[in-house]
Amino acid sequence: MFDTEIQPTVYHKNSLGSSPVKVEVRDVSVSYGEKQALFNVSLDIPDHSVTAFIGPSGCGKSTFLRCMNRMNDTIEGARVTGSLKIDGAEINDRAVDPVVLRASVGMVFQKPNPFPKSIYDNVAYGPRIHGLASSRSELDDVVEHSLRKAGLWAEVSDRLQDPGTGLSGGQQQRLVIARAIAVSPEVILMDEPCSALDPIATAKIEELIDELRENYCIIIVTHSMQQAARVSQMTAFFHMGSLIEVGPTEEIFTNPLESRTQDYITGRFG
Amino acid sequence: MALSKHTHIVTAYGEELDKLADELARMGGLVEMQLEAAVAAVVRRDASVIPEVRKREVQVNAMQVDIEKRVIRLFALRQPLATDLRMTISSLKIASDLERVGDLAKNIAYRSKKLVGFAPLELMHSVERLGVIVGKQLHEVLDALSSFDIEPAVRVWRNDDEVDDHYNGLIREMLLAMSKDPSLVGPGAHILFVAKNLERVGDHATNIAEALHYIVTGEALESTDHPPA
């Protein structure tokens with residue numbers, strides 16, 4: 001499917017802005033069986049910032065996102081090589097427990113996936129299994145705090161025992177964001193979090209992302225160029241399994257340096 | 001359009017951008033005609049072209065409005081990015097510069113009516129020369145625009161010094177002549193305005209050069225692009 005030629009990445013200057021590096025990626029490649037899906041990706045991802053991964057379907061952006069919390073471990077025949085450090089600690093180290101890793105690297109998917117439980121239990125689930133609350137009142141606090149941060153508290157505070165699956169799509173997405181926040185993550189991964197939402201619900205999620213970036217390192221995969229432009233500070237363009245270009249979002253969308261980036265974001269035949 | 005070797009997946013979008021470039025080229029052509037007619041009218045002290053100039057002025061203004069509408073439509077419906085974004089936003093600026101040039105040309109042409117009653121001025125060859133230099137600047141930058149070629153655009157940008165030098169020389173000569181012979185004050189005042197208007201046309205040509213440089217490179221023309229003084 002992919003040619004094996006390695007494409008050199010174009011890095012813009014000052015991609016990180018003033019933010020420190022949160023995730024340091026060096027030479028990460030991913031293969032599924034015989035098929036290589038990602039080729040030697042190297043990239044620094046800033047903290048307190050939103051980084052967008054864009055590119056056509058099958059370009060490797062979601063594969064790369066799944067490396068961040070070792071979701072590829074769950075896929076039979078998947079092989080990940082290279083180094084991926086969060087705060088300087090190698091996450092592919094055997095000593096790292098993926099369950100603990102996934103608490104600090106939360107993930108939000110395309111389709112909201114609340115547990116078939118109450119709104120309260122959806123949020124309380126993580127803190128309970130990770131032992132993050134020692135009493136009921138402490139747990140109540142974590143739930144309220146997380147729902148507030150996810151911008152959902154006002155809408156659900158009077159019906160915390162209702163099933164999470166009964167909420168609207170946009171509310172469900174904010175619920176799973178609250179669920180991710182509840183276990184105090186460092187990094188939040190979002191894989192097309194708004195693709196199933198209407199424009200109003202999308203705007204609420206985007207507003208939420210903008211607020212959350214103050215405290216977290218957020219990485220978002222999106223097919224909407226406008227969304228990448230609206231929410232992110234740094235943008236990385238993937239094509240055919242390679243990272244083609246990385247730069248400040250404003251530069252990528254006004255003056256990309258690579259013709260493939262240009263063709264993709266302007267909607268041309270590449 | 002030479003900005004990308006690939007065409008848009010949505011054909012209609014590509015066509016709208018192409019049409020924008022075409023309209024700019026048409027407006028540029030019209031404005032060039034206006035300037036040429038205006039300079040000739042003044043130099044020959046022949047006001048007969050004024051009705052035609054006035055007619056074209058209406059067309060030029062309508063074209064600016066049309067280009068503005070196209071730009072607004074592109075932003076609202078297509079959300080252009082990268083080169084398309086730079087092309088769209090710059091078209092707005094270029095159309096506004098061209099409209100100003102059209103206006104200045106019209107003002108120059110109107111001066112011919114005032115000059116008819118006066119004896120021919122010796123300095124007129126200098127006005128003609130300024131008109132030729134400025135006309136060339138405008139022509140070259142519009143040529144560069146139609147081919148998205150920045151090299152001639154940078155040349156035009158640098159050449160503005162020549163326009164300014166010639167303009168300053170002309171003003172000096174005119175003032176000197178007027179102080180020696182007060183009967184020249186009447187036509188001289190009109191010539192000063194004509195010269196000033198031509199110099200302004202030159203400035204608009206450099207604005208267009210800057211816009212074109214931005215369209216093609218994404219960067220502003222820097223003073224480092226200027227030759228050492």
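Predicted model: local features only at pLDDT ≥ 70, side-chain atom pairs only at ≥ 80, totals over all residues.
Let me start with strands S7(A) and S8(A), which pair in the parallel sense over four bridges, where two strands count as paired if DSSP finds at least two bridges between them, and where strands (E, at least two residues) and helices (H or I, at least four) are DSSP runs numbered from the N terminus. One of the positions joined in this way is A:Val108, whose bridge partner in S8(A) is A:Met190. Residues are numbered from 1 along each chain as its sequence is written, and chains are lettered from A and ligands numbered from 1 in the order in which they are written.

What about the two faces of strand S7(A)? In a regular strand the side chains alternate between the two faces of the sheet. In S7(A) both faces are covered, with A:Val105 and A:Met107 on one side and A:Gly106 and A:Val108 on the other, all of them buried. By buried I mean that 20 or more other C-beta atoms, placed from the backbone, lie within 10 Å of the residue's own, whereas 12 or fewer make it exposed and anything in between partly exposed.

That leads to the nonpolar cores, each being a set of buried Ala, Val, Leu, Ile, Met, Phe, Trp, Tyr and Cys residues joined through C-beta atoms within 7 Å. The largest has 77 residues, and those with the most contacts inside it are A:Val187 and A:Ile218. If we leave aside its neighbours within four places in sequence, A:Ile218 is in contact with A:Val50, A:Ile188, A:Met190, A:Ile209, A:Leu212 and A:Arg213, contact meaning that the C-beta atoms, placed from the backbone, lie within 7 Å. A second, separate core of 56 residues includes B:Val60, B:Ile67, B:Leu115 and B:Met174.

Chain A also has an open sheet of four strands, with antiparallel pairing and the order S3-S2-S5-S6, and there the edge strands are S3 (35-46) and S6 (89-90). Eight bridges join S2(A) to S5 (residues 78-86) of chain A, and A:Ser31 has A:Arg79 in S5(A) as its bridge partner. A:Asp27 lies in strand S2 (residues 21-32) and is exposed, with 12 other C-beta atoms within 10 Å. Most residues other than glycine have a negative phi, yet A:Asp27 has a positive phi of about 55 degrees.

Turning to chain B, its secondary structure comes to six helices and zero strands. Its radius of gyration, taken over C-alpha atoms, is 19 Å, close to the 17 Å that the globule rule gives for 229 residues, so chain B is as compact as a globular protein of that length; the rule is 2.2 Å times the number of residues to the power 0.38. Of those 229 residues, 41% count as buried. B:Gln79, in the loop between helix H2 (50-78) and helix H3 (82-115) of chain B, has a positive phi near 45 degrees and is partly exposed, with 15 other C-beta atoms within 10 Å.

Finally, where do the chains meet? In this model 14 residues of chain A are in contact with 15 residues of chain B. On the chain A side, the elements that give two or more residues are helices H8 (225-231), H9 (249-254) and H10 (259-265), and H10(A) provides the largest share, three residues.

Notes. Contact = placed C-beta atoms within 7 Å.
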